[in-house]
Amino acid sequence: MTTDARLRALVAVADTGSVHVAAGRLVISDSAVSAAIAALTREVGVPLVERAGRGLRLTPSGRTYAGYARAILGLHDEALAAARGDADPEHGRVRVAAVTTAAEHIVPPLLATFRDRHPGVDVSLEVGPSDHVWELLASWGVDLVIAGRPPRPLDAAVRAVRPNTLVVVGPSSMAGTSDALRATWLMRETGSGTRATCEALLAALDADPPTLTLGSNGAVVAGSIAGLGVSLVSRDAVIRPLASGDLVELSVPQTPMARPWHAVTRPRASAVAELLVAHLLAPDGPSGGW
């Protein structure tokens with residue numbers, strides 16, 4: 001088994017906590033995964049995994065090594081894609097990651113029109129909270145991220161910025177009231193940039209309302225419409241329910257809040273990623289304010 005395959009086996013075990021599930025993901029035998037982990041352990045010279053109940057977990061050394069393994073594999077995949085894409089960008093690959101709100105409301109028209117103009121490009125999209133998408137960029141797992149401001153000290157290049165406003169919304173029954181800080185606040189999942197901003201806002205206002213975590217942008221918006229509580233969301237996500245009257249914008253100090261979208265690559269982007277950035281910024285493209 002090659003070093004590349006061994007590293008992929010370790011990462012799969014790290015992700016799944018199971019040799020059997022990792023083998024299924026990689027479409028190889030359980031014994032091949034076990035042999036790969038054993039070979040890496042001999043090479044590194046310290047235990048990388050240990051038993052945890054009926055499964056496996058990485059040792060502290062294993063977690064450290066797996067982090068480097070992800071970066072090595074991501075960089076290798078990027079190198080292959082970049083070499084092939086530089087030779088023929090119109091038949092290359094571009095991997096995009098976006099936070100949930102952007103993926104639901106900003107990214108689809110961008111990718112649809114890009115695919116119309118560049119049908120030979122292989123495009124993929126991964127969606128997750130902000131900490132996840134930035135980790136993907138840092139470990140060379142994607143070529144372009146659309147999210148809020150990139151964290152420091154991430155080695156990245158901001159290629160475009162689009163206005164984004166966060167507003168507090170609630171059910172239509174709350175129109176004209178000033179009870180937002182006493183209502184239940186619907187929260188995004190841990191790792192969400194919007195959740196972190198909401199928590200910071202409530203702390204700044206010295207407010208401690210009851211909260212309910214719903215775990216996705218769509219669930220938070222639907223929960224507000226249903227009357228579960230109020231939420232801090234991107235105005236992009238609630239244009240229609242605000243226009244229909246299903247939601248109302250509520251007056252809360254320090255809101256609305258400007259939190260622009262950022263399109264971000266690593267400093268040296270592939271030729272195919274440059275095609276997507278150029279499409280994003282094209283005067284006749286799906287600028288939407290970029």
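This is a predicted model: local features need pLDDT of at least 70, side-chain atom pairs count only at pLDDT 80 or more; totals for chains, interfaces and linings use all residues.

Colleague: How much space lies in the largest pocket, and which residues are closest to its centre?

Modeller: The space in the largest pocket comes to about 560 Å³. Its lining has 23 residues, and those closest to the centre are Val11, Arg70, Asp77, Leu136 and Gly141.

Colleague: Which elements give two or more residues to that lining?

Modeller: They are α1, α2, α4 (60–87), β3 (93–98), β4 (122–127) and α7 (130–138).

Colleague: How does the lining of the largest pocket divide by residue class?

Modeller: It divides into nine nonpolar, five polar and nine charged residues.

Colleague: What is the volume of the second largest pocket, and which residues lie nearest its centre?

Modeller: The second largest pocket has a volume of about 370 Å³. Of its 22 lining residues, Gly148, Gly193, Thr194, Thr197 and Arg259 lie nearest the centre. Two or more residues come from each of α7, α8 (193–204) and β13 (261–265), and α8 gives the most, with four. By class, this lining has eight nonpolar, eleven polar and three charged residues.

Colleague: Turning to the helices, why are α1 and α2 called oblique to each other?

Modeller: The axes of α1 (residues 3–16) and α2 (residues 19–26) cross at roughly 125 degrees and come within 8 Å. The range for roughly perpendicular is 65 to 115 degrees and roughly antiparallel begins over 145, so α1 and α2 are oblique. Their crossing is right-handed.

Colleague: Which residues make the contact of α1 with α2?

Modeller: Helix α1 contributes Arg8, Ala9, Ala12, Val13, Asp15 and Thr16, and α2 contributes Val19, Val21, Ala22, Arg25 and Leu26. In this contact seven residues are nonpolar, one is polar and three are charged.

Colleague: What makes α6 roughly perpendicular to α11?

Modeller: Helix α6 (residues 107–117) and helix α11 (residues 271–281) have axes that cross at roughly 115 degrees and come within 10 Å. Angles of 65 to 115 degrees count as roughly perpendicular, and therefore α6 is placed in that class relative to α11. This crossing, too, is right-handed.

Colleague: Which residues of α6 and α11 are in contact?

Modeller: Leu110, Thr113, Phe114 and Arg117 of α6 meet Leu275, Leu276, His279 and Leu280 of α11. The contact has five nonpolar, two polar and one charged residues.

Key
Residues are numbered from 1 along each chain as its sequence is written. Side-chain values use heavy atoms; hydrogens and water are left out. Axes are lines fitted to C-alpha atoms, for helices over the stretch in contact, and angles run from 0 to 180 degrees between N-to-C directions. Angles under 35 degrees count as roughly parallel, over 145 as roughly antiparallel, 65 to 115 as roughly perpendicular and the rest as oblique. A crossing is left-handed if the near helix is turned anticlockwise from the far one by less than a right angle, and right-handed if clockwise. Contact means heavy atoms within 4.5 Å. Ala, Val, Leu, Ile, Met, Phe, Trp, Tyr, Cys and Pro count as nonpolar, Asp, Glu, Lys and Arg as charged, and the others, Gly among them, as polar. On a 1 Å grid over the protein atoms alone, a cavity is a set of points where a 1.4 Å probe fits but cannot get out, and a pocket is an open set with protein on both sides within 12 Å along at least five of seven lines; lining residues have an atom within 4 Å of a point. Grid points are joined across faces, edges and corners, and a volume is the space filled by probe spheres set on the points.
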